[in-house]
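Here are some notes to read with the model open beside you. Take the points in order and look up each spot as you go.

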Amino acid sequence: MSGGMIFAGAGAVLFTMGLVGVVLIGPLLRRILAFNVMGSGAFLVLVGLAQRDGGADPVPQAMVLTGIVVAVASTALALALARRLHRLTGRTTLSATDDD
Amino acid sequence: MIPLLKRAAVILAAASFAGALVFAMLDLPAPGVHLPAAVEANMAASGVAHPVTAVLLNFRGYDTLLEVGVLLLALLGVLAVGARATPPAPAPGEPVKRMFARLAAPLMVLVAVYLLWAGAIQPGGAFQAGAVLGAAAVLLHLTGILPGWGAPGLRLRAGLAAGFLIFLVVAGALLAQGAVLAYPPAQAGRLILLIEAGLTVSLGLILAGLFLALSRDSGDEA
Amino acid sequence: MALNEALILAILASSLVPGLIIFVLAESRIRLRTTLNLFGAVAKLILVGVLLAGVSAGEIYGFRHTVLPGLDLVVKADALALLFATLSAVLWLFTTLYAIGYLEGSPHRSRFFGFFSLCVTATMGIAMAGNLFTFFVFYELLTLATYPLVVHRGTPQAMRGGTVYLAYTLGGGALLLTGIVWLHGLTGSVDFAHGGYLSALGPDYGGQLQFVFLLLIAGVGVKAALVPLHGWLPQAMVAPAPVSALLHAVAVVKAGAFGVERIVYEVYGVEFAQSLDLLTPLAAVAAVTIVWGSFRALFQNDLKKRLAYSTVSQVSYIVLGTALFGPVGTVGGLVHLVHQGIMKITLFFCAGNYAETLGVHKVSELDGAGRRMPLTTLAFSIAALGMMGAPLTAGAVSKAWLLDGAAEAGMHWAGWVLWTSSVLNAAYFLPILWRAWARPAPAVWPEERVPARGRIETLWLLLLPPLATAIMTIAAAVFADSAWSPLAWARLIAAREYSGAMP
Amino acid sequence: MTDPIAWLILLPLFWATAAFLLGPGRGARLAIAALLAQCGLALQLAADVIDGGARTHAVGGWGAPLGIDLAVGGLSALMLVLTQAIALPLAVYARAYFADGAPAVRYFWTLTGFLLAGLNALFLAADLFNLYVTLELVGLAAVGLVAAGGSARQVAAALRYLFAALVGSVMYLLGVALIYGAHGTVSLQTLAPLVDARAPAAVWIACGLMLAGLMLKTAIFPFHYWLPPAHGGAPAPVSALLSALVVKASFYLILRLSLEVFAPLAATAATALGLLGAAAIAWGSWQALRTVHIKMLVAWSTVAQLGYLFLVFPLLAPDGLALQAGVMQAIAHGLAKAAMFAAVGVLMLATGRDTLEGLAGVAGRMPLTLFAFGLAGVTLMGLPPSGGFLAKWLLIEAALTHGQWGWVAVVIAGGLLAAAYVFRVLRQAFLLAPADSPFHPVPRSMEWTAFVLATASMLLGLQGVELMSLLAAGS
């Protein structure tokens, strides 16, 4: 198994763990972290899988850089919203009753 | 609380998904298209020497343009949800930390400039440089030197948007000559440097803003 | 655009455009609104007259617009279309006059007359639809345009009536749509044609076509108030009287009955329908409806409800005529489409007059109404006698042709159904006449709103329309043999359908 | 110089940035002027496609697979025209709606500019990774717009929406990663000949992940949970934009990917997608029948109407009927839902209430707006002569042609359910108003924009030939 493949496998596991976290975790901060774990998993797969034969590939590396920036942006917005919700309601979770 | 059964089901399903995914990846044949070769072949025309920078700002520069838009957009979202209260006065920090921050900040700016310059030939570039600038601002804020943000004034808004706007103007101007972001090879290096310089400043401000605008919200937390 | 295309579009526009203008008129612009209404109605009548002359001279009027590849909106004026269009145009004029008088001083008149005009536009579209797709477009438009009229008063009762109306008609529309799309899938976009166009499909499709027929007839049967799909009609009588006239005579139930005619004659073709064994069940449904409607009418004390059940029964005369395989029955059904409209609208106008003038809504309150309102009651009596099939009325003409048709088709049981219905008709109408003419008037009417002024028993605008339609009821019988009577026109259509001599 | 493809992306980015520079709440006039230009560009592009067929724009001049291509065909040209055509009247509407300087307006124009740029970029993208970036652009702008109201309800709704959007994006991204790993490219054009039914398992998984991610963003049952609070809670112009356009974007992507690159694999999931669509129709309609809030009713109706779009998948066939139906439904629903949210916004401003009960008597007071609501409702019910009717007609025809009875029943039942919830509103409006109910005047421009949008959704039913010839061009 090549180095790239190990990264990709780890990415698959991280992605799944993050997904489980997003589904099961209530507190917003931890849920946002779980989402970031998911994202990191996807990035690892993107870079690792493409370089499984050992050669470097700048294309997925550039894509991951783009992806990281996008993830930073999303995380910031999510944190701002979570914080705002906490300020307005004192809650740190989304309740099931918001659904009307 | 989530019932144990649901928890177990989710975890089990996820584990089998991860397993299937890993096996599927191990099973993959070699890809039919080999892009690194194409990147290599076109490096000379890209205007930069580092392949990742070439992909990021030339071959797939359009992705990067939109990505900077996403980052600016996130800041807009943060500003839009934020309270309109005036920013709280900076909390007086400890003198030692303040002195350290005052020392570190100029050095960090220097590092950022280096990273920007280095990006053309080795890992580095506008994003890394912008991140360092943003970090410097956060450092200054945490030590009580830089206040949190209220609604940004015109000059700050101009600084936030400048990088994106330069990128956009370059894209539009090049469109007038053919295609979006189709740099003439002779000027590619200079144009990319121009874009990167603008991005460094704006990205630094945006990343700092994401933190400083958020920080303002904590002022009168119960 | 050719002149003939423009003419046929002008017929639709003559009510659509005034209607749309009326929508945006301020409530207080009474004079302008009335002018627009009457202008539209008269213009439509003239245009229909031009078309009548043209069609009998063999002229072809049509307009085609493709909405999707292979799907055309077709409007054309053929003999059958004009039978219905003329009826609607004439009755619309009278209903408009009546409605102007009836609604004087009541709120939301712009809205009312706007939707009123849309209704007539939709009815004209139904009459002149050149294929099933177009028919459906206007058929659903009619449903939508009538709803605001049914609930016009905004009372909980009106709302309930409106909801029931929608539930039935939209449900029926869904069935109709399924059937129409199915046929479209089998044949592509085909225009209505004399003798139908489905026989070309061949015998393999027999089962499918029988099922589609069921869907289509159930779809139009809701508006035609075939039992058991008639439940909405008695509920909808909460609407103001001009709307009832519209529902029962000008537009809605007529649209259903007309749909049956189109489907049997020009989609399946009467001979092909007979060969698929579709006509006998249809006749049976019609027969049940005729008897059941008349029977239920017997027990209604509310005058408009009694009239509503009477409509249920009478409209199925048309369906029965269609289902009687043979040219004579066809003529009977077609001519009754017109005759029933004239007579039933008279009855509803009169019922509205009783309610508006005296506050009388119930049969039991009608004692002595003939002395207080002799002209209204005279018109009512003529129309009621017509419904029973008394001589010298339009009803007698239709009934005679229907009976002959039943005999010709060898369906003698249908004759008995008609006789039974006549007896029942007499049983629920004669007591009304007896009360109105023979019983003494009460000292105080339930709610007398319009005082009698000399010989004029109520407002002019309320009185003239029923008198005019009552006179037409007699004229249609007396001049039945003239070239321009509904009967003559019905015979022309039947001759074209059976591609033989005029019956 | 004037290649509309590129300008449709750059122009909104320009005015979004300019609106930001102008300052909070500013930029309405700029946006309206720019949107006029965008309408012209989109129409020009549509005309080009009809004349010259599909074409691409190689960004950076490199061409796929090294560079990124933008591609336009009949389907994308239609979506572009629809987007600009809905955005322009909504901008006029929003200008009046936000005239009082509500907090939600501070970043409204700039966020809207980014949203439209993202949508246009998404419709034009021909690169799986570029699509990911455009999805994020659209998602974050939409979330920002929902959150901008600032109330606890809106922030909670935005957060819920953001999680759905982000998880959807990451799933999609993992799919892209697997595709790149398998084939070494993310260009749709390069990928198309490489993908066939004997694809390795990783490609199947990638397809599944991308599909699931996009379904989450499209809010198809059972992933719809985030939509009603977000669309029902946002200010009216925002709800209109989101319901009319944003959810359509991810649907468009599913449709396009399953028609082009992943066509060999797509048939596997078709029936399941159709069943989800049927469930969405049933559940969305049922909720719309139950809710007491008028805006939630419209939002739930979006859940139901999205179901129709997914009925298309099991019926896709070379005859093109189902595709036509899906596109017609997307366009008709877009126009009608924009009109409906706009009308509801007017009614809520005028009555000052957000419940159905508060609507009593508006038939007499605001006939134009109620008429607009009614016309939009006719499209949702699928009654003639609306665009929704043609969509329904085509769906039934497609189902009957393939002998798939069940779908006919679903379509018919869905139309009747829509009638039931639309008439809940109309019925209430016709009731007599309580004498003491307050009533605030509303700018006429808002009433008229709602009416124009509703009329457009209606007249669409008479222009099917033109739309379908554009759809067929370049595909």
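1. Start where chain D meets chain B: 52 residues of chain D are in contact with 49 residues of chain B. Keep in mind that this is a predicted model. On the chain D side, the elements that each supply at least two residues are α1 (4-22), β1 (55-59), α4 (108-124), α5 (128-147), α6 (152-183) and α8 (201-218). Which of them gives the most? That would be α5(D), with eleven residues.

2. What is that side of chain D made of, by class? The part that touches chain B has 33 nonpolar residues, 16 polar ones and three charged ones. So if you colour the chain D side by class, expect to see those three charged residues set among 33 nonpolar ones, given how the classes are drawn.

3. Now turn to chain B itself. Its secondary structure is quick to describe: eight helices and zero strands. Reading from the N terminus, the elements go α-α-α-α-α-α-α-α. Of the 222 residues in chain B, 48% are buried.

4. How does the radius of gyration of chain B sit against that of a compact globule? For 222 residues a compact globule would come out near 17 Å, but chain B has 22 Å. Its C-alpha trace spans about 60 × 60 × 35 Å along the principal axes. For contacts in chain B with a separation of 6 or more, 80% are between residues 24 or more positions apart.

5. Back in chain D, have a look at helix α10 (residues 236-259). This helix has 24 residues and reaches 34 Å from its first C-alpha to its last, close to the 34 Å expected at 1.5 Å a residue. Even so, α10(D) bends by about 35° at D:L242. Is it mostly covered or mostly open? Covered: 23 of the 24 residues of α10(D) are buried.

6. Next, some backbone geometry to check by eye. Most residues other than glycine have a negative phi, and most peptide bonds are trans. In chain D, though, the bond joining D:A64 and D:P65 is cis, with omega about 5°. D:P65 is in the loop between β1 and β2 (68-72) of chain D. The peptide bond from D:F221 to D:P222 is cis too, with omega near 0°. D:P222 belongs to the loop between α8 and α9 (227-233) of chain D.

7. Last, two spots in chain C. C:A225 has a phi near 60°, a positive value in a residue other than glycine. You'll find C:A225 in the loop between α7 (206-223) and α8 (232-235) of chain C. C:D277 likewise has a positive phi, near 60°, and is not a glycine. C:D277 lies in the loop between α11 (270-275) and α12 (279-297) of chain C.

8. Are those two residues buried or exposed? C:A225 counts as buried because it has 30 C-beta neighbours inside 10 Å, where 20 or more are needed. C:D277 has 10 other C-beta atoms within 10 Å, so it is exposed, the cut-off for that being 12 or fewer.

Terms used: Residues numbered from 1 in each chain as written. Chains lettered and ligands numbered in written order. Predicted model: local features only at pLDDT ≥ 70, side-chain atom pairs only at ≥ 80, totals over all residues. Contact = placed C-beta atoms within 7 Å. Helix = DSSP H or I, 4+ residues; strand = E, 2+ residues; numbered from the N terminus. Expected span 1.5 Å × (residues − 1). Bend = angle between axes of the 7 residues up to and from the residue. Rg over C-alpha atoms; globule rule 2.2 N^0.38 Å.
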